[in-house]
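This report describes one structure, shown below. It covers a metal site, a helix pair, the overall fold and some backbone details.

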Amino acid sequence: MASAFTHVFVAAALGKAVSPEKMPLRFWTLGLFCTLLPDLDVFAFQLGIPYRHMLGHRGLFHSLPFALLVGLLVVSLAFRKVPRFSGQWWMLTGYFFAVTASHGVFDAMTSGGYGIAFFSPFDNTRYFLPWRPLVVSPIGVYGFFSRWGWSVLMSEFLWIWVPMLTVLVMVILFRRVLHRQAPIVPRS
Ligand SMILES: [Zn+2]
């Protein structure tokens, strides 16, 4: 995985980018949960499931179809009042899909482990992105108090935090400009 700090940051930054209004606490907590969810498959090691198996680490639970399923499930269970296929429904489903899928994408940019089964269960081929600047993260908190932990954080800061913050600032500025230019329509 990328470090937990980065997953938290991604959930918050994407949430801020897609939702101009104030969102309920469950939106943020579920967003964070979804970015970490794929790594629950590390228990596969304890169950004796091999790394390269469909249910192994970086397999089905890191895939895009799984992320879509998570998006649909979270919205239908936690945001029941949102009318299906409305603008807000698409926004929420897209957000929970994106935060879950972002985990696999960042893993595919790391320098270690096996690749990600992006298309599992339809195709269990493991993929890396052609460009892998992220240093693979140590497991557990203590690993961060080392030179390794430092190089992980630096690589993630440079290749994830800086680009995402830049895009986020642009989205917020663009939204403000649009808001200012919008004709004043009386609310009825
Ligand atoms: Zn992972």
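This is a predicted model: local features need pLDDT of at least 70, side-chain atom pairs count only at pLDDT 80 or more; totals for chains, interfaces and linings use all residues.

How are the donor residues of the zinc ion spaced in sequence? The pattern is D-x22-H-x40-H-x3-D.

## Zinc site

Four residues coordinate the zinc ion: Asp 39 and Asp 107 through OD atoms, and His 62 and His 103 through NE2. The donor distances run from 2.1 to 2.2 Å. The angles among the four donor atoms range from 89 to 168°, and the site is irregular.

Asp 39 and His 62 link distant parts of the chain, being 23 residues apart. Asp 39 sits in the loop between α2 and α3, whereas His 62 belongs to the loop between α3 and α4. In residue numbers, α2 covers 25–36, α3 covers 43–46 and α4 covers 64–78.

Are Asp 39 and His 62 buried or exposed? The cut-off for buried is a relative accessible area under 20%. Asp 39 has a relative accessible area of 12% and is therefore buried. His 62 has a value of 2%, so His 62 is buried as well.

Asp 39 can also be placed relative to His 57, which lies 18 residues away along the chain. The C-alpha atoms of Asp 39 and His 57 are separated by 7.3 Å.

## Packing of α2 and α5

Two packed helices are described by the angle between their axes and the distance between the axes. For α2 and α5 (residues 87–107), the angle is about 35° and the axes are 7 Å apart. The crossing of this pair is right-handed.

On the α2 side the contact is made by Phe 27, Leu 30, Gly 31, Cys 34, Thr 35 and Leu 36. On the α5 side, Leu 92, Tyr 95, Phe 96, Val 99, Thr 100, Ser 102 and His 103 take part. Sorted by class, the contact of α2 with α5 holds eight nonpolar and five polar residues, with no charged residues. One of the α5 contact residues, His 103, is also a donor to the zinc ion.

## Overall fold

The protein chain contains six helices and zero strands. Its pattern along the sequence is α-α-α-α-α-α. The C-alpha trace spans about 60 × 35 × 30 Å along its principal axes.

Of the 188 residues in the protein chain, 38% count as buried. Among contacts between residues at least 6 apart in sequence, 60% join residues at least 24 apart.

## Backbone details

Which residues are joined by a cis peptide bond? The bond lies between Ser 120 and Pro 121, with omega about 10°. Pro 121 is located in the loop between α5 and α6, the latter covering 147–181.

Arg 58 has a positive phi near 65°, although Arg 58 is not a glycine. This residue is in the loop between α3 and α4. Arg 58 is buried, because its relative accessible area is 2%, and the limit for buried is under 20%.

Phe 85 likewise has a positive phi near 65° in a residue other than glycine. The loop between α4 and α5 holds Phe 85. With a relative accessible area of 53%, Phe 85 is exposed, since exposed means over 50%.

Methods: Residues are numbered from 1 along each chain as its sequence is written. Side-chain values use heavy atoms; hydrogens and water are left out. Donors are N, O and S atoms within 2.8 Å of the metal (3.2 Å for Na, K and Ca); water is not among the atoms, so sites may look incomplete. Four donors count as tetrahedral if all angles lie between 85 and 135 degrees; four count as square planar and six as octahedral if opposite donors are over 155 degrees apart and all others between 65 and 115; anything else is irregular. Helices (H or I, at least four residues) and strands (E, at least two) are DSSP runs, numbered from the N terminus. Buried means under 20% relative accessible area, exposed over 50%, partly exposed in between (1.4 Å probe, protein chains only). Axes are lines fitted to C-alpha atoms, for helices over the stretch in contact, and angles run from 0 to 180 degrees between N-to-C directions. A crossing is left-handed if the near helix is turned anticlockwise from the far one by less than a right angle, and right-handed if clockwise. Contact means heavy atoms within 4.5 Å. Ala, Val, Leu, Ile, Met, Phe, Trp, Tyr, Cys and Pro count as nonpolar, Asp, Glu, Lys and Arg as charged, and the others, Gly among them, as polar.
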